[in-house]
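I opened this entry to keep a record of what I looked up, going from the whole chain down to single residues. The notes follow the order in which I worked.

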Amino acid sequence: MDAVLLAIDAGTGSGRAVIFDVAGRQLGVGQEEWTHIAEKNVPNSMSFDCANNWALICRCIQKAIQQAGVSPSQIQAVSSTSMREGIVLYNGSHQPIWAVANVDARASEEVKMLTEEYPELETEFYQASGQTFALGALPRLLWLKKHHPEIFAEVRHINMISDWVLTELSGNIVSEPSNAGTAGIFSLNERHWLPGLVSGLGIPESIFPNTYETGTQVGVVSAEAAAQTGLLPGTPVITGGGDVQLGSAGLGVVELGQSAVLGGTFWQQVVNIEADTSTPKDMSIRVNPHVIPGLSQAEGITFFSGLVMRWFRDVFCELEVLQAQQKGIDAYALLEQKAQQVPVGSYGILPIFSDVMNYGHWIHASPSFINLNLDAEKCNKASMFRSLQENACIVSAINLKNIEAFSGVCSDQLVFAGGASKGKLWPQILADVTGKTIQIPEVKEATALGAAMAAGVGVELYGSMKQAANSVVKWEKTFTPNPKHTQRYTDISEQWQSVYQAQLALVEQGLTDSMWKAPGL
């Protein structure tokens, strides 16, 4: 009977259960989209519906087992991953009573209050945790205390959404560093909660759970969870982690200095650094605990790169979608074929969507295209599509350079994964823009694979996360940069940065609307 591993992925847009064999091959998957709930009369709120989402995950587990054609007795262990920043609060009976998803931004007034009344506190938080208040747990807890004191009075425990999956499976409330670190009340160096940071603000120190490293068994599947999911009671439950950090492990990015660009809805640029590396003084870059002890990850974030592409396809490319269906190919593949005929620089078109990472003052300009003209031979869907691809790579390259500037860590290779890495043109543009050799793994959606690796570590099928990565990660393609194109993109990057600042000034003047801005701005 072959051993298999179960990964549960609570993503921003969907819940998934994925079964892998020990060699890292995907055997079965169950997936359903979910929607986060805006609380009535609460602007920018994004509540996480624990009850309905757990039922959805149970269905996904059953579908994955059925598709994989395995017996529950073959599943050696289960672990989890999730969107980061999302928190779950529990009462004394270990029942979830309030939860929010990752980019819930309801706590703007609380962020303003903290920065005005405690002007040094955010710097203290950032130096300790690598996080600002923007998406942290503290402003959200203060919001709940103010607006729903009856719920806040019941709170006895807190953990992250990936931890919540483990709680539903085992009944135990625990946390692990890579996701707990994104809550902002956490030590990068020592890899545990820092309740003393919030004790003077009316947040009970007792709510923070014990922390265990990724790949640690913290319980077993309970009889109740087994009945809900179809899993075998007693199946080991193993700590997982944040989606980006586990995704990095699933891409083999487990050694000091290794770097990756994860091209999904958001694009993350991550670089492995020593855990005791000092955070940058200007708070421009986020720093998170990695799933590898002793390492942190410096992270740049490009907002909505994948979402912008989907918007462009859906709004402008109805014909290309039909043509792709007739040819039996993906619409993005057809758009890339057309974009390959467009020269470097896309005839000067400059997309204005995500800014470079500025974690301490996180605000974006109003979405737009600059330098459009009326020459249909040059200014068309193909050139606009290519300009979006180029722009995502330009922002990534700037973020990587900013990480190098404060950390001193640089590599001439870059792993590229996620949906954006599946094409032929986008990886080459990334190589040309960054001047780095781009490696494409066979498994590009690596987050669930990283969680499966953690499950395997927990039951000693792998010796460590590093050993697991070396065992299962395989490479599919390599792209090398064209130096002439790299120089051209360097010039375009400088122009784009100047134009973006001018566009951002319009937002600051109240003349245009920001694509997104952090709470409190």
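**Whole chain.** I began with the secondary structure, and the protein chain comes to 17 helices and 19 strands, where helices (H or I, at least four residues) and strands (E, at least two) are DSSP runs numbered from the N terminus. I note at once that this is a predicted model, in which local features need pLDDT of at least 70 and side-chain atom pairs count only at pLDDT 80 or more, while totals for chains, interfaces and linings use all residues. Residues are numbered from 1 along each chain as its sequence is written, and side-chain values use heavy atoms, with hydrogens and water left out.

I then looked up the overall dimensions. Along the principal axes, the C-alpha atoms of the protein chain fill a box of roughly 65 × 60 × 45 Å.

Among the contacts (heavy atoms within 4.5 Å) with a separation of 6 or more, 72% are between residues 24 or more positions apart.

**Helices α14 and α17.** I asked myself at what angle the axes of α14 and α17 cross. The axes of α14 (residues 425-434) and α17 (residues 483-508) cross at roughly 75° and come within 7 Å, the axes being lines fitted to C-alpha atoms, for helices over the stretch in contact, with angles that run from 0 to 180 degrees between N-to-C directions. That makes α14 roughly perpendicular to α17, since 65 to 115 degrees counts as roughly perpendicular, under 35 as roughly parallel, over 145 as roughly antiparallel and the rest as oblique. On the α14 side I listed Ile-429, Ala-431, Asp-432 and Val-433, and on the α17 side His-485, Thr-486 and Tyr-489. By class, this contact has 4 nonpolar, 2 polar and 1 charged residues, with Ala, Val, Leu, Ile, Met, Phe, Trp, Tyr, Cys and Pro taken as nonpolar, Asp, Glu, Lys and Arg as charged, and the others, Gly among them, as polar.

**Residues in helices.** Ile-161, found in helix α6 (residues 161-170), is buried with a relative accessible area of 0%. Leaving aside neighbours within four places in sequence, I found Ile-161 in contact with several residues, including Ala-10, Phe-48, Met-83 and Val-100. Ser-47 is 114 residues from Ile-161 in sequence and 12 Å away in space, C-alpha to C-alpha.

Leu-56 in helix α1 (residues 50-68) is also buried, at 5% relative accessible area. Beyond four places in sequence, Leu-56 touches Gly-15, Glu-32, Glu-33 and Trp-34, and the C-alpha atoms of Leu-56 and Trp-34 are 8.2 Å apart.

Glu-117 lies in helix α2 (residues 108-117) and counts as exposed at 53% relative accessibility.

**A strand residue.** Gln-268 lies in strand β12 (residues 267-274) and, at 13% relative accessibility, counts as buried. Its contacts beyond four places in sequence include Arg-84, Val-244, Leu-262 and Glu-299.

**Loops and positive phi.** Most residues other than glycine have a negative phi, and I therefore noted two exceptions. Arg-191, in the loop between α7 (177-180) and β8 (217-220), has a phi near 60° and is buried, with a relative accessible area of 9%. Asn-371, in the loop between β16 (368-370) and α13 (381-407), has a positive phi of about 75° and is partly exposed at 39%.

Asn-189 lies in the loop between α7 and β8. Leaving aside neighbours within four places in sequence, Asn-189 is in contact with Ala-275 and Asp-276, and its C-alpha atom is 9.7 Å from that of Ser-278, 89 residues away in sequence.

Technical notes. Buried means under 20% relative accessible area, exposed over 50%, partly exposed in between (1.4 Å probe, protein chains only).
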